Amino acid sequence: MRNLPDTAKINKQNHLEIGGCDTVKLAQEFGTPLYVLDEKTIRNRCQGYLKSFKKYYPNTAVVYACKALCTAGVLKVVTSEGLGLDVSSGGEIFTALKSGCDPKKIYFHGNNKSKDELKMALKAGIGRIVVDNLQELENLDEATKQTNTSAQILLRINPGIEAHTHEYIKTGTIDSKFGVPQNEIDNAVKLARKKKLIRLVGFHAHIGSQIFDVKPFVDEAKLLLSLTLKYKTEEMSLGGGFGVSYLTSDEPPSLDLIAKEISQVLKNKTMAKLVLEPGRSIVGNAGVTLYTVGAVKNIPGIRKYLFVDGGMSDNPRPILYQAKYDAKIANKANDKPGEKVTVAGRFCESGDVLIRDIKLAEANVGDILAVLCTGAYNYSMASNYNRVGRPAMVMVGGGSATLILSRESYEDLVRNDAVL
Ligand SMILES: Cc1ncc(COP(=O)(O)O)c(C=O)c1O
């Protein structure tokens, strides 16, 4: 199934297995909720991007947008495959450097980077600062002087491209907080070129996330190409946004097709370096979250609820974006789906529903529910709502599981309570 990790299997015990590990045993060993990540799937996606794009356009670099999932365990795997990193905060820079990423391969994004974050990036020798607006250009200029460093920048532009995705994850339409509007690009380029310690290397755009159409990317490539030719720059970044399968009915285009269509726009017209920043499509399908069913509540004729021990704090996407998920009962992996149920979380909001109306194998208290495609924007957007600690995360592969993130303890939760 395309929404499962590449190594997913059903074993003789009728249990879901990932990376050679029985998920029911993982739940017993590490507790639930538990984020499970399949190393092989992450490596396959990284290699897939490099292979597909380099085949059609050799001068391509791929940087992983670590907002999708930023933990040292993940960053080490991704960078070992040759990817750079897209970061968007001091915290992500800190994690990237601690994880051993080459600072030159880091791209620093954000529409309101603080002056301290800019100085931190410059002192660390971060490869590219992606300048989002004219105020930031001035702040960066000041930071280069104060730190006696120089900056290589991409100018983020607002491409004004409509991508068919959720309102909250569209970023490239005219009414967007991100990027320099097209009628201000000329002025921004002139200003950037006057700064002694700043070098304009190229342009960046990002049109949104979870996009299935290839056409908006082609339009974006055309726009960036025209700017590259007009201003004689060396690099263009198309951002990320490539869609993944949350449901089996989700059919994103193949990487090969995306690479082919984008490179057709650029080939023989420019030698500029092409940069891609996939996040969701690197880690999304690698992740599965395991929960324990704590109660089953049947409201006859209305709805049958399965209550699980996590919910909106470990996966806020359903409540934020009405995101849809698929799931399996991990200890009844091959059983036929029966009646419709609704999977509700444990948090104090009626909207804390992970999956509405899904057909699952008959579930009982104590069963392990595996929610699929939770690798991206789950842990990275998780909260401590109701003072519930964030789950542990394990990386699985070759039949063994490595704890890459510890479960937050009660002590962790009160660590910053300054009066205690
Ligand atoms: C500038 C930029 N690059 C890359 C990404 C990654 O997008 P995705 O995870 O959809 O690939 C984002 C996501 O918001 C972004 O804002």
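How are helices H5 and H6 oriented to each other? The angle between their axes makes H5 and H6 oblique to each other, where angles under 35 degrees count as roughly parallel, over 145 as roughly antiparallel, 65 to 115 as roughly perpendicular and the rest as oblique.

This is a predicted model, in which local features need pLDDT of at least 70 and side-chain atom pairs count only at pLDDT 80 or more, while totals for chains, interfaces and linings use all residues. Residues are numbered from 1 along each chain as its sequence is written.

**View 1. The crossing of helices H5 and H6.** Helix H5 (residues 115-124) and helix H6 (residues 134-147) have axes that come within 9 Å and cross at roughly 50°; helices are DSSP runs (H or I, at least four residues), numbered from the N terminus, and axes are lines fitted to C-alpha atoms over the stretch in contact, with angles running from 0 to 180 degrees between N-to-C directions. The crossing of H5 and H6 is right-handed, that is, the near helix is turned clockwise from the far one by less than a right angle. From H5, Lys-115, Leu-118, Lys-119, Leu-122 and Lys-123 meet Asn-139, Leu-140, Ala-143, Thr-144, Gln-146 and Thr-147 of H6, two residues being in contact if their C-beta atoms, placed from the backbone, lie within 7 Å. By class, this contact of H5 with H6 holds 4 nonpolar, 4 polar and 3 charged residues; Ala, Val, Leu, Ile, Met, Phe, Trp, Tyr, Cys and Pro count as nonpolar, Asp, Glu, Lys and Arg as charged, and the others, Gly among them, as polar.

**View 2. The pairing of helices H8 and H9.** The axes of helix H8 (residues 215-231) and helix H9 (residues 255-266) cross at roughly 25° and come within 9 Å, and H8 and H9 are therefore roughly parallel to each other. Their crossing is right-handed. On H8 the contact is made by Phe-217, Val-218, Ala-221, Lys-222 and Leu-225, and on H9 by Ile-258, Glu-261, Ile-262, Val-265 and Leu-266. The contact of H8 with H9 has 8 nonpolar and 2 charged residues, but no polar ones.

Notes: Helix = DSSP H or I, 4+ residues; strand = E, 2+ residues; numbered from the N terminus.
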